[in-house]
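Hello,

Here is the structure I said I would pass on. Please look it over first; my notes come after.

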Amino acid sequence: MNGKKRSPSTLCVQGTEAQKAGPAVVPIVQTSTFVFEDQMDMLDSVTGKSGKHVYTRWSNPTTRSVEAKISSLEGTDDTLALSSGMAAISTAIIGLVKGGERILASESIYGGTVHFFDEVLPKYGVQVDYADTDDFHDHVMASGAKYKLCFFETPTNPTLKIVDIEKVADAARATGTISMIDSTFGTPINQKPHDLGVDIVMHSATKYLGGHSDIIAGTLSGSKEIMSKIRSAAKLLGGTMDPFAAFLLDRGIKTLSVRVEQHNLNASYLAEKMVKDSRVRRVHYPGLPEHPNHSVAKKQMRGFGGMLSVELDCDLEAAKSFVDSLDIFLNAVSLGGVESLASIPALTTHYGLEPEVLTEMGISESTIRLSVGIEDPSDLLLDLMTALDKTC
Ligand SMILES: Cc1ncc(COP(=O)(O)O)c(C=O)c1O
């Protein structure tokens, strides 16, 4: 490459090195175990001297290939691919935090993560405290050396709050705390948290990285030192990615850059149209100048992403019929695929929470979360407008 650094779209397709011979596409090495010529060869591999693969729970060539590609996109030494986003979160925490140590988490994080933090970790003596998302960095700084690890997400779900990544990373470094970000909504195309100083970058690769709603997967990226601790835990916890999922993940990432470009364009277009509609009370999108954290988003993001939430000027019943009236937007949870999805957080991710708690989180009964896909933006707008005409 004549010393020139590859751009993200090239890395998405080829990684750091183009294939010089053999298959053009990384083969699926669908095996649980690997064969050795003799005992010496086996021993050198088991002890890590030869670098050969031994057993797929430990490592696999297909998985290793996609891990290297993700490292090149995140700008980290190493990446570990796992069987889900939750496997990634739990493996990192178990690998790095021990009983008696504490975690500080931002209040706006994925519900599954909150359940893991509140229901599983305390059984093993790990306590998680929560701090306000808007000034999370100040809480990390003020905590001194009280916490082993701080965990945050940006942009957040479903109100698309933005946390200042660099400020959190700086505060964590100053207090000797490991910083970990769930960067699922951000994608490595729109934001590069490790470049801003974050220690561990995590993705639910089920979402944008995979991109086609056909795999469950998770990734962790970081320095050699941190990742070797996490890799040791992963070998024993066993949340290993299957080689076929690794193949699909690699195939998905080939188009990540162009997909994200279209997600960014489509969501921006819809946000700008919806914010002007009198039937819409509020639009949450970090690309809008009126978004409270727009300047931070502009500083740390290349594009503002494909996630958008709209609060309709109506009650829950009308919000339900709005979603049921949509034709192109599919009625499903999850996000980040090529197809557009719509869901009502009060009935899905945030079901059962008291109205006051929802209000505190900036969510109303009529808030609709849209995962904007890569379809034609005018078709998507027409779909939203037709549903609004029918219901609001
Ligand atoms: C932001 C975020 N993080 C983590 C997860 C968990 O990922 P997975 O479902 O791949 O385990 C999700 C799932 O929806 C998510 O939205």
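Below are notes on the pocket and the salt bridges.

This is a predicted model, in which local features need pLDDT of at least 70, side-chain atom pairs count only at pLDDT 80 or more, and totals for chains, interfaces and linings use all residues. Residues are numbered from 1 along each chain as its sequence is written, and side-chain values use heavy atoms, with hydrogens and water left out.

**The pocket**

The largest pocket has a volume of about 560 Å³. A pocket here is an open set of points on a 1 Å grid over the protein atoms alone, where a 1.4 Å probe fits, with protein on both sides within 12 Å along at least five of seven lines. Its volume is the space filled by probe spheres set on the points.

The lining of the largest pocket has 25 residues (those with an atom within 4 Å of a point). Nearest the centre lie Glu107, Val114, His350, Leu353 and Met361. Helix 5 (111-120) and helix 14 (355-360) are the elements that give two or more residues. Helix 5 has the largest share, with 6. Helices are DSSP runs of H or I, at least four residues; strands are runs of E, at least two.

By type, the lining has 9 nonpolar, 10 polar and 6 charged residues. Asp, Glu, Lys and Arg count as charged; Gly is among the polar ones.

Where does the pocket lie? Domain 1 (8-254) and domain 2 (256-391) both give residues to the lining, so the pocket lies between them. The domain bounds come from an automatic or database assignment.

**The salt bridges**

Side chains of opposite charge can pair when their charged atoms come close. The whole structure has 16 salt bridges (a side-chain nitrogen of Lys or Arg within 4 Å of a carboxyl oxygen of Asp or Glu).

Asp250 pairs with Lys69, the closest N and O atoms being 2.9 Å apart. Asp250 is in helix 10 and Lys69 in helix 3, 181 residues apart. Asp250 is buried at 7% relative accessible area, and Lys69 is buried at 5%. Buried means under 20%, exposed over 50%, partly exposed in between (1.4 Å probe, protein chains only).

Arg102 pairs with Asp129 at 3.0 Å. This pair links strand 2 and strand 3. Arg102 is partly exposed, at 28%; Asp129 is buried, at 15%.

Arg64, Glu67, Asp78 and Arg231 are linked in a network of salt bridges.

Best wishes
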